[in-house]
Amino acid sequence: MRFNDITRGSGLEQHGITNPNLIYWTSPTSVLYEQVVRRGEGLISHLGALTVKTGHYTGRAANDKFIVEEPESSGQINWGKVNRPFPPESFDHLYKKMTSYMQGRDLFVQDCFAGASPEHRIPVRIITERAWHALFARNMFLRATPEELLSHRTEFTVIDLPAFHAQPKIDGTNSEAFIIINFARKLVIIGGTSYAGEIKKSIFTVLNYLLPQKGVMSMHCSANAGEAGDVAIFFGLSGTGKTTLSAAPNRLLIGDDEHGWDDDGVFNFEGGCYAKVINLSPKSEPEIYQCTRKFGTILENVAIDTISRRIDLEDASFTENTRASYPITHIPNIVSEGCGGHPNHIVMLTCDAFGVLPPIARLTPQQAMYHFLSGYTAKVAGTEAGVTEPQATFSACFGAPFMALRPAVYAEILGRKIASRQVSCWLVNTGWSGGGPGVGARMKIAYSRALVDAALEGRLDGSSFSSEPNFGLSIPESCPGVPSDILNPRNAWTDKGAYDAAAAKLVDMFRKNFEQFSADTTPEIASVL
């Protein structure tokens with residue numbers, strides 16, 4: 001198949017697609033734009049970004065994700081509320097229905113790669129009925145060159161059919177939407193949802209299954225590098241600031257969401273970024289803001305004036321989870337090869353809905369492992385279907401929805417790497433200060449950025465630190481550009497007794513949550529709290 005070929009029929013028989021209509025094969029961005037407009041899938045904004053709506057699902061359908069229970073992988077999977085088993089025969093039945101649905105239809109195919117490391121990358125194929133989903137895949141994965149396309153041998157395929165709805169009573173799904181991974185068949189099927197984030201997160205789950213079994217750490221994190229080549233990684237769930245804090249004007253972005261860490265250093269899994277853009281500020285987040293005004297960017301659920309074609313980033317009428325998908329090359333200061341050295345710093349980001357944790361704290365290796373396994377944060381409104389306001393949660397490894405293996409597998413690899421590389425570790429709260437929502441205020445981006453910059457540049461190393469009594473965290477007493485009275489969270493509360501009660505409640509939540517990991521970790525880590 002030639003680069004950007006548009007043909008009828010041939011090439012997809014191996015996926016059970018024997019009689020499609022037109023196939024748009026690895027089409028470039030301009031062709032996909034044309035098809036989006038022609039098919040009424042979206043509108044072009046006045047500065048060139050593509051605006052689309054995802055319909056009912058404006059976030060991940062967490063309860064509709066499954067993994068096929070089959071002999072090859074079942075002994076490795078961490079089965080439970082996140083990784084739900086799906087019968088092989090039900091998968092086969094649903095897959096056959098999907099292949100029948102695709103006969104006679106136009107399809108969009110993107111052959112690309114996941115993983116910037118030449119040693120660990122996997123060739124992936126995305127087959128979809130939507131032109132804008134094909135553009136999403138083109139943005140988010142690593143594009144193959146024309147020469148690479150000639151030798152592209154797909155290892156994992158994603159079939160994405162937003163308009164194909166499951167019948168739960170017949171198909172065994174929870175709803176009309178489904179995201180099902182079959183490791184034995186190296187196949188992902190997605191239906192019933194137009195939220196494009198399911199495509200990238202399904203392949204992330206695949207990498208989280210494959211790479212740790214090779215001794216490579218897979219991470220839900222962003223990463224950047226300083227001028228001297230020093231590398232920092234930022235763990236955190238959606239809405240905690242991974243994209244914002246890593247896209248810093250004084251550092252080079254490696255990637256904003258998914259990375260691996262092998263014997264050579266850190267490498268990006270992706271070729272693009274997927275940033276939250278609600279209330280995006282050109283002053284606080286200039287690099288990301290400029291991306292919303294560029295050709296090739298997809299704006300999900302962002303309001304647009306259909307007459308002037310101007311967008312409104314402050315309008316949350318569709319969802320709080322408005323998103324921009326864009327190729328990483330839209331960011332001016334990047335590490336173009338997507339690879340960096342071994343991390344010098346690990347920053348664990350949390351959005352503390354209680355306003356208890358400090359804006360920044362230095363962690364011991366044991367504390368770092370405790371907080372990595374705990375993965376405390378708050379689900380931000382709109383990130384998942386049904387979440388309409390911040391909710392405190394614990395998500396192991398800062399990414400439990402995407403971790404196919406036991407959390408201890410990832411923690412063990414990370415712990416070895418922290419020890420061998422003597423990495424400095426930090427906990428940063430980008431959530432609330434002075435109280436929870438309705439009482440306190442969300443931490444200013446400028447303060448978080450100033451604290452992170454000071455930590456990465458070594459300007460906190462000589463500062464005086466004090467220990468807070470609840471979590472035993474080491475807190476700097478001062479930092480340029482940040483009011484000293486917010487560094488110790490208790491000082492930011494008007495009602496000190498209310499702070500003490502909230503802190504005690506949160507400590508208790510941490511301890512109860514960590515009971516599940518006690519048998520899989522060391523006594524030193526288990527006794528951090």
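Which residues line the largest cavity? In this predicted model, the lining consists of R60, A61, A62, K65, I179, E198, K201, S202, T205 and F402.

**Cavities**

- A search of the whole structure turns up two cavities of 30 Å³ or more.
- The largest cavity holds about 60 Å³ of space.
- Helix α6 (residues 197-210) gives the largest share of its lining, four residues.
- By type, the lining of the largest cavity splits into four nonpolar, two polar and four charged residues.
- The second largest cavity holds about 30 Å³ of space.
- T350, L357, H371, Y376, F398, L427 and F510 line the second largest cavity.

**Second largest pocket**

- The volume of the second largest pocket is about 380 Å³.
- It is lined by 23 residues, and those closest to its centre are L142, R143, E270, G271 and S336.
- Both α3 (131-140) and β9 (142-143) supply at least two residues of this lining.
- The lining of the second largest pocket comprises 10 nonpolar, seven polar and six charged residues.

**Helix α11**

- Helix α11 covers residues 445-456, which makes 12 residues.
- In α11, 10 of the 12 residues are buried, so the helix is largely enclosed by the rest of the structure.
- The buried residues are Y447, S448, R449, A450, L451, V452, D453, A454, A455 and L456.
- The charged residues R449 and D453 are among them.
- Strands in the cover over these buried residues include β13 (217-225), β14 (231-235), β24 (343-350), β25 (360-363) and β28 (424-429).
- A helix, α7 (242-246), also belongs to that cover.
- Just after α11, G458 adopts a positive phi of about 80°.

**Aromatic pairs**

- The whole structure contains 23 aromatic pairs.
- One of them joins Y33 and F295, with ring centres 4.2 Å apart and planes at 35°, so this pair is tilted.
- The Y33–F295 pair links distant parts of the chain, 262 residues apart.
- Y33 sits in helix α1 (residues 29-38), and F295 in the loop between α8 (286-291) and β19 (298-300).
- Y33 has a relative accessible area of 4%, under the 20% cut-off, so Y33 is buried.
- F295, at 44%, falls between the 20% and 50% cut-offs, so F295 is partly exposed.
- F156 and F183 form an edge-to-face pair, 6.3 Å centre to centre with 75° between the planes.
- The F156–F183 pair also links distant parts of the chain, 27 residues apart.
- F156 lies in strand β10 (residues 156-161), whereas F183 lies in the loop between β11 (178-182) and β12 (187-191).
- F156 counts as buried at 3% relative accessibility, and F183 likewise counts as buried at 3%.

**Aromatic cluster**

- Y370, Y376, F394, F471, F510, F514 and F517 form one aromatic cluster.
- Y376 and F510 belong to this cluster and also line the second largest cavity.

Terms used:
Residues numbered from 1 in each chain as written. Predicted model: local features only at pLDDT ≥ 70, side-chain atom pairs only at ≥ 80, totals over all residues. Heavy atoms only, no water. Expected span 1.5 Å × (residues − 1). Buried < 20%, exposed > 50% of the residue type's maximum accessible area, 1.4 Å probe, protein only. Contact = heavy atoms within 4.5 Å. 1 Å grid on protein atoms, 1.4 Å probe; cavity = no way out; pocket = protein on both sides within 12 Å on 5 of 7 lines; lining within 4 Å. Points joined across faces, edges and corners; volume = space filled by probe spheres on them. Phe/Tyr/Trp six-rings, centres within 6.5 Å; stacked < 30°, edge-to-face > 60°.
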